Amino acid sequence: MDHQDAKIDPIGPRCVALSAGNALCVQDVLIGGIGAAHQLQNPTVHQLAEHIKHQFCEVRKRRVNDVILGPRGLNFDEFYRGGLISQFPRDLSVIIDGEVTACNLGTSFLVAGVDGTGAHIYCVDHPGTVTCFDRVGYHAIGIGDRHAVLKLVALGQHHSKPIRETIFNVYCAKRVSELAPGVGRATSMKVVSTEGTESLSEDVLKALEPTYQLQADPVTEEIKNRIEALPYGQGGRDGPDEEAA
């Protein structure tokens, strides 16, 4: 899907939630999470992440009831808090509990923002956990997450980097993530600061592209010449020995 801006939702004046995965589940989580967050006075980024996590768990519980427990005439609270799990034959309880544990919404969230204690980034993921990535300074979600994270590692991204370098590094990570099947080509970026949330203009995104291409293909004419001058294949041989492995 190439409507990337729909995957960045404001959940506070200086905080956004980025989503990946099942779009319908994303909508269900954000509707409740954002609504609850708006009731807070000067919330911290951690509080906003906890609200998203709470709604994530509620949506997952409904999915478990609809798909797994409901058809058996049960519900989540009865099975676990009511103690039915211990009253069923052990083998049956293990099977049902395994299905519940494996029930995955197929979605995840990054909650990133700035509050009175600084900038923060959290990940909300299956089965309903919140993980803080402040110490690392970055994270990625979705199909291309590994490509993006490895690129940020290779670029030496750190929370101490200047804003322009950070913007470029994040852009590079997004472009590299497009190597994964299913990642959209459209790119949307926002900068969150103490002043609020700002979308990067098309002019800025276009200006990043040639620099990214230069970084992605850094082989200079000098390097090519040195490769051609390697002491191999001389004496009339242009390729490797036919018997070489």
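## Aromatic pairs and a helix crossing

Modeller: In this predicted model, Phe109 counts as buried, because its relative accessibility is 0%.

Colleague: Which residue does Phe109 form an aromatic pair with?

Modeller: Phe109 pairs with Phe56 in an edge-to-face arrangement, with 6.4 Å from centre to centre and 85° between the planes. The pair links distant parts of the chain, since Phe56 sits in helix 2 (residues 45-69) and Phe109 in strand 3 (residues 107-115), 53 residues apart.

Colleague: And is Phe56 buried or exposed?

Modeller: Phe56 is buried, also with a relative accessibility of 0%.

Colleague: How many aromatic pairs does the structure hold?

Modeller: There are 5 aromatic pairs in the structure. One of them is formed by Phe79 and Phe88, whose ring centres lie 6.0 Å apart with the planes at 70°, so this pair is edge-to-face.

Colleague: Switching to helices, at what angle do helix 7 and helix 8 cross?

Modeller: The axes of helix 7 (residues 163-177) and helix 8 (residues 202-216) cross at roughly 70° and come within 10 Å of each other, which means that helix 7 is roughly perpendicular to helix 8. Residues in the contact include Phe168, Tyr171 and Cys172 of helix 7, and Leu205, Leu208 and Tyr212 of helix 8. By class, the contact has 8 nonpolar, 3 polar and 2 charged residues.

Colleague: What does Lys151 touch?

Modeller: Lys151, which lies in helix 6 (residues 145-154), touches Cys172, Ala173, Val176 and Gln215, leaving aside residues up to four places away in sequence. Lys151 is buried, with a relative accessible area of 17%.

Note on methods
Residues are numbered from 1 along each chain as its sequence is written. This is a predicted model: local features need pLDDT of at least 70, side-chain atom pairs count only at pLDDT 80 or more; totals for chains, interfaces and linings use all residues. Side-chain values use heavy atoms; hydrogens and water are left out. Axes are lines fitted to C-alpha atoms, for helices over the stretch in contact, and angles run from 0 to 180 degrees between N-to-C directions. Helices (H or I, at least four residues) and strands (E, at least two) are DSSP runs, numbered from the N terminus. Angles under 35 degrees count as roughly parallel, over 145 as roughly antiparallel, 65 to 115 as roughly perpendicular and the rest as oblique. Contact means heavy atoms within 4.5 Å. Ala, Val, Leu, Ile, Met, Phe, Trp, Tyr, Cys and Pro count as nonpolar, Asp, Glu, Lys and Arg as charged, and the others, Gly among them, as polar. Buried means under 20% relative accessible area, exposed over 50%, partly exposed in between (1.4 Å probe, protein chains only). Rings of Phe, Tyr and Trp (its six-membered ring) pair if their centres lie within 6.5 Å; planes under 30 degrees apart count as stacked, over 60 as edge-to-face and the rest as tilted.
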